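This report goes through a protein model by its folding elements, its cores and a few selected residues. Please keep the sequence and the coordinates at hand while reading.

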Amino acid sequence: MVDIHIRNTTSREVQVDKIRAHSTGQLRLDIQPPYGPTYWYGPLFQALVEDDIPKIKIPPGGYYRDRVVVTYGTLRRDSYSAGGGRYTVSKFGGWVFASPGTYVLRASYYPRWSTRPVFVSNPLTVEVYEPRHLEKEALELFKTMSNVYVMDGTSNPSLENFIRLAAEYMHTPYGRFAQFYISRFHATFPKDKDSYRKAIPGFRELIALYPDFPLIDECMLYLARCYERTGRGDLARELLE
């Protein structure tokens, strides 16, 4: 997870584009891998519950917080064509931390249509270790392509691999993320109220048994939305109080 905080240090209200909006892509996360050139990451994850809000208003002294799940996404590299000096961007999909080693991350915020950032974070060093034993088995299952579609929310594939992950590897981080994405899938692409009801047990289990789960805030918000959509607004209010 990468937590992003933008604080308004001026004496007037300011507006920023929602960081995870697909149409703006205002957050740029530069990643220097152990080997090879730096690339930047485009989050494929949809925003949580504010999909219809194009801009975020920040009062004087206030701040905006967002969280980016850095796993699979659109990876881009800056380049220049030979001779003409023309700027281009190469784009490809892939896993951000594809191999063990030391990665250096730095976040930048770009205003709309600007090629220069207005905020640049301090570098964050991430050490990736080779998983072993059951975690290695879980990782291989997690990395199957069908799971990626569940995560980025762009299609409606079979959930078999994630269901197996949650059932057999819940004691690993991959199993807990699988449980989150299964429930999120039902909550994000509901066919009817039963879809919301299917999402509820998974979120409740994560909140009750794994309070340190990195996406626990999202679990609570999604669970509250499921309660509200199934006519249990009292439980939603109680959860968020």
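Which residue just after α6 takes a positive phi? Gly231 does, with a phi of about 80°. The model is predicted, and every value below is computed from its atoms.

## Overall make-up

The protein chain contains seven helices and eleven strands. Its length is 241 residues, and 44% of these count as buried. The accessible surface of the chain is about 13,600 Å², with 52% of that belonging to carbon and sulfur atoms.

Among contacts in the chain with a separation of 6 or more, 60% are between residues 24 or more positions apart.

## Nonpolar cores

The largest nonpolar core has 34 residues. Within it, the residues with the most contacts are Phe142, Phe162, Leu165, Phe180, Phe203, Phe213 and Cys226. Five helices each supply at least two of the core residues: α1, α3 (160-168), α4 (173-188), α5 (193-209) and α6 (216-229). The largest share, eight residues, comes from α4. Another core, of 16 residues, lies apart from this one and includes Ile4, Tyr39, Val70 and Val128.

Cys226 is one of the residues with the most contacts inside the largest core. Leaving out residues up to four places away in sequence, Cys226 touches Ala187, Tyr196, Ala199, Ile200 and Phe203.

## Helix α1 and His133

Helix α1 covers residues 133-142, and its buried residues are Ala138, Leu139, Leu141 and Phe142. Viewed down the axis of α1, these buried residues fall within an arc of 160°, so they line one face of the helix. As background, an α-helix has 3.6 residues a turn, so residues three or four places apart point the same way.

His133 also belongs to helix α1. With a relative accessible area of 67%, His133 is exposed, because the cut-off for that class is over 50%. The phi of His133 is near 55°, a positive value in a residue other than glycine. Most residues other than glycine have a negative phi.

Helix α6 has 14 residues and spans 20 Å from its first C-alpha to its last, close to the 20 Å expected at 1.5 Å a residue. Its buried residues are Ile216, Glu218, Cys219, Tyr222, Leu223, Ala224, Arg225, Cys226 and Tyr227.

The structure holds eight aromatic pairs. In one of these, the ring centres of Phe203 and Tyr222 are 5.6 Å apart and the planes are at 5°, so the pair is stacked. Phe203 sits in helix α5 and Tyr222 in helix α6, so this pair ties together parts that are 19 residues apart in sequence. Both Phe203 and Tyr222 are buried. Ring pairs also link Phe162, Phe177, Phe180, Tyr181, Phe203, Phe213 and Tyr222 into a cluster.

Gln179 is in helix α4. Its relative accessibility is 12%, so Gln179 counts as buried, the cut-off being under 20%. Neighbours within four places in sequence aside, Gln179 is in contact with Ala166, Met170, Gly202, Glu205 and Leu206.

His186 is placed in helix α4 as well. The relative accessible area of His186 is 16%, which means that this residue is buried too. With neighbours within four places in sequence again set aside, His186 is in contact with Leu159, Ser195, Tyr196, Lys198 and Ala199. Tyr196 and Ala199 are also among the residues that Cys226 touches.

## The loop at Pro60

Where does Pro60 lie? The residue is in the loop between β5 (55-58) and β6 (63-68). Pro60 is partly exposed, with a relative accessible area of 44%.

Pro60 and Thr10 are 50 residues apart in sequence, and their C-alpha atoms are 5.8 Å apart in space. Thr10 is one of the contacts of Pro60 beyond its neighbours within four places in sequence.

Key:
Residues numbered from 1 in each chain as written. Predicted model: local features only at pLDDT ≥ 70, side-chain atom pairs only at ≥ 80, totals over all residues. Heavy atoms only, no water. Helix = DSSP H or I, 4+ residues; strand = E, 2+ residues; numbered from the N terminus. Buried < 20%, exposed > 50% of the residue type's maximum accessible area, 1.4 Å probe, protein only. Contact = heavy atoms within 4.5 Å. Areas by Shrake-Rupley, 256 points an atom, 1.4 Å probe, with all protein chains shown as cover. Arc of directions from axis to C-beta. Core = buried A, V, L, I, M, F, W, Y, C linked by side-chain atoms within 4.5 Å. Phe/Tyr/Trp six-rings, centres within 6.5 Å; stacked < 30°, edge-to-face > 60°. Expected span 1.5 Å × (residues − 1).
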